[in-house]
Amino acid sequence: ASHDLRQPVHAIGLLLGVLRGQALQRAQAEIVDRLARSCEALEELFDGILGVSRLDAGAETPRLTAVPVLSKVR
């Protein structure tokens, strides 16, 4: 499933790289940048989903660590 989800997003990232190498007008370059950020966000979401699925499958064990709690809210 990981490959099936990631391959199309990776292909989009490669195509965006090609577009970034072109002489684009400002508005077009901004659209390509927005698309690239959206693609990166989608990859991060897939990472999270796949991480949860590995935990559910028992393929990974969570490592518990202490974290500080803020005493003041500024």
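R26 is exposed, with a relative accessible area of 69%; exposed here stands for over 50%, buried for under 20% and partly exposed for values in between, with a 1.4 Å probe and protein chains only. The model is predicted, so local features need pLDDT of at least 70 and side-chain atom pairs count only at pLDDT 80 or more, whereas totals for chains, interfaces and linings use all residues. Residues are numbered from 1 along each chain as its sequence is written, and side-chain values use heavy atoms, with hydrogens and water left out.

The protein chain holds 2 helices and 0 strands. Its radius of gyration is 18 Å, well over the 11 Å that the globule rule gives for 74 residues, so the chain is more spread out than a compact globule. The radius is taken over C-alpha atoms, and the globule rule is 2.2 Å times the number of residues to the power 0.38. Helices (H or I, at least four residues) and strands (E, at least two) are DSSP runs, numbered from the N terminus. Taken along the principal axes, the box filled by the C-alpha atoms is roughly 50 × 40 × 10 Å. Of the 74 residues, 11% count as buried. The chain exposes about 6,600 Å², and 59% of this area is supplied by carbon and sulfur atoms. Accessible areas come from the Shrake-Rupley method with a 1.4 Å probe; for residues, only the protein chains shown count as cover.

Helix α1 comprises residues 2–20, and helix α2 comprises residues 26–57. The end C-alpha atoms of α2 are 47 Å apart, which agrees with the 46 Å that its 32 residues should span at 1.5 Å a residue. The expected span is 1.5 Å times one less than the number of residues in the helix. Just after α2, G58 takes a positive phi of about 80°.

The buried residues of α2 are V32, A36, C39, F46, L50 and G51, and they pack against α1. G51 has a relative accessibility of 17% and therefore counts as buried. Between G51 and E30 there are 21 residues of separation in sequence and 32 Å in space, C-alpha to C-alpha. L35 also has its place in α2, but is partly exposed at 44% relative accessible area. The C-alpha atoms of L35 and I12 are separated by 9.1 Å, although the two residues are 23 apart along the chain.

In α1, L19 is partly exposed, with a relative accessible area of 36%. Not counting residues up to four places away in sequence, L19 touches L24 and V32, a contact being heavy atoms within 4.5 Å.

A nonpolar surface patch of about 280 Å² is made by L42, L45 and I49. Patches are made of residues with over 30% relative accessible area and no salt bridge; like charges are joined within 9 Å, and nonpolar side chains (Val, Leu, Ile, Met, Phe, Trp, Tyr) within 5 Å. L45, located in α2, counts as exposed at 55% relative accessibility.

A search of the whole structure finds 4 salt bridges, each defined as a side-chain nitrogen of Lys or Arg within 4 Å of a carboxyl oxygen of Asp or Glu. One of them joins R6 and D47, whose closest N and O atoms are 2.4 Å apart. R6 lies in α1 and D47 in α2, so the pair ties together parts that are 41 residues apart in sequence. R6 is partly exposed at 31% relative accessibility, and D47 is partly exposed at 38%.

Another salt bridge is formed by E30 and R26, with 3.3 Å between the closest N and O atoms. Both residues lie in α2, 4 residues apart, which is about one turn of the helix. E30 counts as partly exposed at 33% relative accessibility, whereas R26 is exposed. E60 and R54 also form a salt bridge, in which the closest N and O atoms are 2.7 Å apart. E60 is partly exposed at 38% relative accessibility, and R54 is partly exposed at 36%.
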